[in-house]
Amino acid sequence: MVERTPFLNFFTHVILFVGFVLCIAPFAVVAIAASHNLRDVNDVPMSLLPGSDFWLNIKTAWTTADLGPKLLNSFIMAAGVAAGKVIISALTAFSIVYFRYPGRTFIFWLIFVTLMLPLEVRIVPTYAVVANVLSPYQAILDVTGLSWLIEKVSGVQVSLSLGLLNSYSGLILPLIATATGTFLYRQFFLTVPDELTEAARMDGAGALRFFIDILLPLSRNNMAALGTIMFLWAWNQYLWPLLITTDQSHATAVTELKQLIPNVGGIPEWNIAMAGTLIVMLPPLIVVVLMQRWFVRGLIATEK
Amino acid sequence: MEKRVTFSSWTIGILFAVPQLLLIFTFFYWPAGQAVYWSLTLQQPWGGGNIWVGLDNFRSILANADYWNSITASLVFAGISTGLAMFVGLVLAALTDRQLTGSRFYRVVLIWPYGIAAPALAMAFRFILAPEAGFMAVVNQVWPGFWDPGLDGTDAMASIIIAFSWKYVGYNFIFFLAAFQAIPRSLIEAAAMDGSGVVRRFWDIQFPLITPTIFFLLVINITESFQDSFGIVDIMTSGGPANATNLMVYKIYSDGFKGLDYSGAAAQSIILMVLIVVLTIFQFRFIERRVHYR
């Protein structure tokens with residue numbers, strides 16, 4: 001530091017330490033409560049020394065909420081969203097930055113506006129669309145009179161129907177349909193020197209070749225950051241999976257947590273609930289700890 | 001900003017944008033339009049299409065005391081949790097930025113909570129703040145009946161605020177720290193040479209320089225408090241007791257999917273959309289300012 005401030009330094013250490021304790025305490029409490037037996041966890045005050053039933057509780061929580069397949073579902077969904085975002089955003093950003101076609105600005109704004117309205121806000125109609133993902137196109141055909149025309153000409157009645165409830169695509173696709181990643185790539189593409197593009201063109205590279213061989217390898221850092229942040233974001237989704245997975249087979253680990261809330265009658269099984277919570281919060285925590293650099297970078301870059 | 005060198009083929013260019021456009025048309029624009037349509041019509045109870053009712057859905061919602069209660073609860077929640085999370089995040093970031101021994105360590109650990117799913121941390125806090133077990137039970141033993149989120153609306157509101165703030169302190173911390181570290185060291189050192197102390201430097205140099213970040217986080221925290229609160233409310237209180245924590249998104253969910261009142265839920269969605277769009281536009285104005293600031 002610039003000058004000696006022993007008193008203030010002491011104060012700084014104290015506050016930061018308190019902040020650290022408050023930050024860590026809930027994790028610790030969950031882990032400790034998960035290791036107690038039913039009687040100890042309901043003791044007031046609960047003992048802060050770990051009990052001996054940790055693996056038993058983990059096992060019980062695992063089977064009660066059927067966490068194995070649910071964690072797999074969560075993983076598929078999170079990986080799908082992350083991969084989809086990384087790929088589709090790159091394609092769109094490339095289109096917006098490197099081409100001049102009529103309506104480009106319009107497309108830019110069309111995509112930009114999606115940043116404003118999160119999925120939670122338009123949840124009811126999105127649900128209806130996912131129930132039959134072709135319904136918008138059916139409606140367009142109906143309104144424009146095309147379906148009448150097709151029926152007259154070919155005798156086939158047009159009724160498009162494709163339900164995505166209880167499917168991985170239903171879980172994943174609506175979460176990809178926002179602009180978050182597009183602007184991250186756009187910012188980066190704008191900093192790529194024009195000379196590089198010129199050189200590539202001079203060597204005879206077309207748009208596709210330039211994109212795959214030059215632009216994508218250059219954006220590796222962006223991809224890691226975006227992928228990390230999207231993986232976490234998708235893993236932590238709650239409302240959307242809760243709605244569209246009416247069938248247990250596609251439920252995710254986070255939505256299954258609700259099964260573990262102790263019921264009011266009887267002695268609450270907090271030890272089991274905390275063991276389940278620990279299992280569900282561990283994967284994202286591991287990602288944050290291991291991918292910290294990308295996480296912070298992605299967070300700051302996607303939001304700005 | 002524009003590229004000087006571009007590719008000439010229109011078709012390839014548009015093809016690259018097609019996947020994204022299809023997705024946002026199907027899952028964004030169509031549902032958003034649908035919400036507007038539903039909010040202006042009423043579904044017949046036995047099928048048979050929607051009848052046009054104009055602004056009646058909005059009128060009946062705005063005349064409904066439950067809805068105003070939900071708005072008030074959302075605003076109280078947004079205001080207190082944003083204030084708490086931002087204040088604590090700011091203090092921790094300012095102190096970490098002093099770069100004493102161990103600040104590296106805090107930089108790593110303090111952002112962990114943000115990685116946790118809202119329902120998972122809600123579950124943890126449901127236990128920690130439970131009146132009969134956990135830690136508030138100790139307080140209840142000393143003062144019986146002091147704390148019961150299951151019966152007392154204020155306690156329930158306090159619980160969800162604590163859970164939400166705990167998560168977002170880490171988030172604000174990251175952004176504040178980044179903002180502090182973007183301030184040139186030479187500015188701080190020059191001020192120190194001129195004899196200003198740590199506190200003076202904070203208020204006269206660092207604080208004014210991070211105001212854009214403060215505005216930015218203010219908006220993000222408020223909008224997140226509308227969205228990310230759903231999981232917390234659903235796990236901790238289910239909107240109760242007596243609707244004390246029935247926040248706006250939770251009410252849309254329960255009216256639309258439990259009460260099957262699509263028109264009412266759609267009208268509520270529209271109101272929330274307008275609210276968030278206004279906030280976002282507000283934020284973009286400040287982002288503009290930030291660009292000119294440096």
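**View 1. Order of elements in chain B.** From the N terminus on, the elements of chain B follow the order α-β-β-α-α-α-α-α-α-α-α-α-α-α. In total, chain B has 12 helices and 2 strands, where helices (H or I, at least four residues) and strands (E, at least two) are DSSP runs numbered from the N terminus. The model is predicted: local features need pLDDT of at least 70 and side-chain atom pairs count only at pLDDT 80 or more, while totals for chains, interfaces and linings use all residues. Residues are numbered from 1 along each chain as its sequence is written, and chains are lettered from A and ligands numbered from 1 in the order in which they are written.

**View 2. Extent and burial of chain B.** The C-alpha trace of chain B spans about 80 × 75 × 30 Å along its principal axes. Of its 294 residues, 44% count as buried (20 or more other C-beta atoms within 10 Å of the residue's own, with C-beta atoms placed from the backbone).

**View 3. Two domains of chain B.** The domain assignment, automatic or from a database, gives domain 1 (1-54) and domain 2 (58-293) of chain B. Their C-alpha centres lie 31 Å apart. To the contact (C-beta atoms, placed from the backbone, within 7 Å), domain 1 of chain B gives 7 residues and domain 2 of chain B gives 7 residues.

**View 4. The side of domain 1 of chain B that touches domain 2 of chain B.** Helix 1 (10-40) and strand 1 (41-43) of chain B are the elements that give two or more residues to this side. Helix 1 of chain B supplies the largest share, 4 residues.

How values were computed:
Two residues are in contact if their C-beta atoms, placed from the backbone, lie within 7 Å. A residue is buried if 20 or more other C-beta atoms lie within 10 Å of its own, exposed if 12 or fewer, and partly exposed in between; C-beta atoms are placed from the backbone.
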